[in-house]
Amino acid sequence: MKVLEVNNLNKKFGQKQALFDVTFDVEPGTILGLIGPNGAGKSTIMKSIVGLIDYNNGSIKINGESLTKNNRKGLKNVGSMIESPAPYLSLTGYQNLKLFNDGSTTEGEIKEIMKDTQIDSFCNRKAKKYSLGMKQRLGIAISLLNHPKLLILDEPMNGLDPQSTHDLRDLLLKLSKRGISVLISSHLLDELARIADYYVVINHGRVVKESDAKSFLSSDNQNIKFATNDTEKAYNALVQAGFEAKINDKVVEIKDDGDAMNKALAALNNAGLEIQDVSKDKADLEESLLNLLTEDNKKEETK
Ligand SMILES: Nc1ncnc2c1ncn2[C@@H]1O[C@H](COP(=O)(O)OP(=O)(O)OP(=O)(O)O)[C@@H](O)[C@H]1O
């Protein structure tokens, strides 16, 4: 059974429609990265799933259980940290954990959560003395209480130093191996790329792409790079051959559309250029996302 099913979700804030027929699902034990520019609708989706806001149309099912105004049962399977974590500041980290425990988490499990999120060294201090990163880690610890099947984390890496970011990444991978699913948004796309199994890309409140991580970064997003004895001439030859070329540090780059290599090599050879090096590099997540958003925004403009 899918742990989360979002179907044709629509949300309006007053006259403004923030979500249009958003549909996607999450399989058990997988990490789904929700990505898109500021204001795209990521937080609105997450808030709808955890019942923080009511949606207008569509449906949300958590572990097969419909989430409606009158039925919140599915939420017992969800741990979340949306926007900023909200621990009680006048309580210690440990007291917060005890408070948010619905009784199903044993003392031993709380200790394990504190260890996993590395809050044990400061969990007896009041949360008001915590840095943003410490609060963030406490927020994640709270989300792990009560045996969630699905974690919903909105920008959980905000405020974390590189070591804590690395540790959080390892923790999420460990949890997903244990069968826990994660729906995560982050502006740190490099970090996300290391853990996500799937991506859902949101732009202007719509899903513009849903893809497994491997094919999202697949060949049509790959760059081919040519180093030659005359960069300018190589650039002109490739542009004339119909490529959208760009010069990057004395190397000319084109996108691989499948048969670009042969066509480009022929163009460079015909121009009498000496090819010193050819390499293909995988576009990173950030570049793939930017390309996708540029295409989608162009489509919007021509509508
Ligand atoms: N409470 C609200 N009242 C009115 N409009 C809202 C409200 N919350 C969000 N919006 C609008 O809905 C749209 C989606 O916002 P949302 O916060 O979901 O985007 P986001 O993708 O999470 O962006 P960011 O990456 O900046 O957090 C935006 O246009 C935003 O201005």
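Colleague: I'll take it that two strands pair if DSSP finds at least two bridges between them. With that settled, do β1 and β2 pair in the parallel or the antiparallel sense, and over how many bridges?

Modeller: Keep in mind that this is a predicted model. In it, strand β1, residues 4-13, pairs with β2 in the antiparallel sense, and seven bridges are found between them. As one example of that pairing, Glu5 has Asp25 in β2 as its bridge partner.

Colleague: What do β1 and β2 form, and what is the phi of Gly14 in the turn?

Modeller: They form a hairpin with two residues between the strands, and Gly14, which sits in the turn, has a positive phi of about 60 degrees.

Colleague: Changing topic, which residues surround the ligand?

Modeller: The shell consists of Phe13, Lys16, Ala18, Gly36, Asn38, Gly39, Ala40, Gly41, Lys42, Ser43 and Thr44.

Colleague: Which element gives the most?

Modeller: That is α1, which contributes three residues to the shell around the ligand.

Colleague: Now the six-stranded sheet: what is its strand order, and what is the pairing like?

Modeller: The sheet is open, its six strands follow the order β6-β7-β8-β3-β9-β10, and the pairing is mixed. At the edges stand β6 (78-81) and β10 (206-212), and because each has a single partner strand, one side of each is left without a neighbour in the sheet. On average, and with direction ignored, neighbouring strands of this sheet are turned by 15 degrees against each other.

Colleague: How many bridges join β7 to β8, and how many are there between β6 and β7?

Modeller: β7 and β8 run parallel and are joined by five bridges, with Leu151 standing opposite Val182 in β8. β6 and β7 also pair in the parallel sense, over four bridges, and Ser80 has Ile152 in β7 as its bridge partner. Further along, β3 (residues 31-35) pairs with β8 (residues 181-185) in the parallel sense over four bridges, and there Leu32 stands opposite Leu183.

Colleague: Which helix packs on the sheet against β6 and β7?

Modeller: It is α4, residues 132-143, which touches both β6 and β7 (150-154) and whose direction makes about 165 degrees with that of β6.

Colleague: How many of the residues of α4 are buried?

Modeller: Taking a residue as buried if 20 or more other C-beta atoms lie within 10 Å of its own, 10 of the 12 residues of α4 are buried, so the helix is largely enclosed by the rest of the structure. Among the buried ones are Met134, Leu138, Ile140 and Ile142. Their cover includes β6, α2 (93-100), α3 (107-116), β7 and α5 (162-177).

Colleague: Last one, stepping back: which domains does the assignment give?

Modeller: The domain assignment gives domain 1 (4-216) and domain 2 (223-281), and their centres, taken over C-alpha atoms, are separated by 43 Å. The protein chain as a whole has 10 helices and 14 strands, and 37% of its 303 residues count as buried.

Methods:
Residues are numbered from 1 along each chain as its sequence is written. This is a predicted model: local features need pLDDT of at least 70, side-chain atom pairs count only at pLDDT 80 or more; totals for chains, interfaces and linings use all residues. Axes are lines fitted to C-alpha atoms, for helices over the stretch in contact, and angles run from 0 to 180 degrees between N-to-C directions. Two residues are in contact if their C-beta atoms, placed from the backbone, lie within 7 Å. Domain bounds come from an automatic or database domain assignment. A residue is near a molecule or strand if its C-beta atom, placed from the backbone, lies within 6 Å of it.
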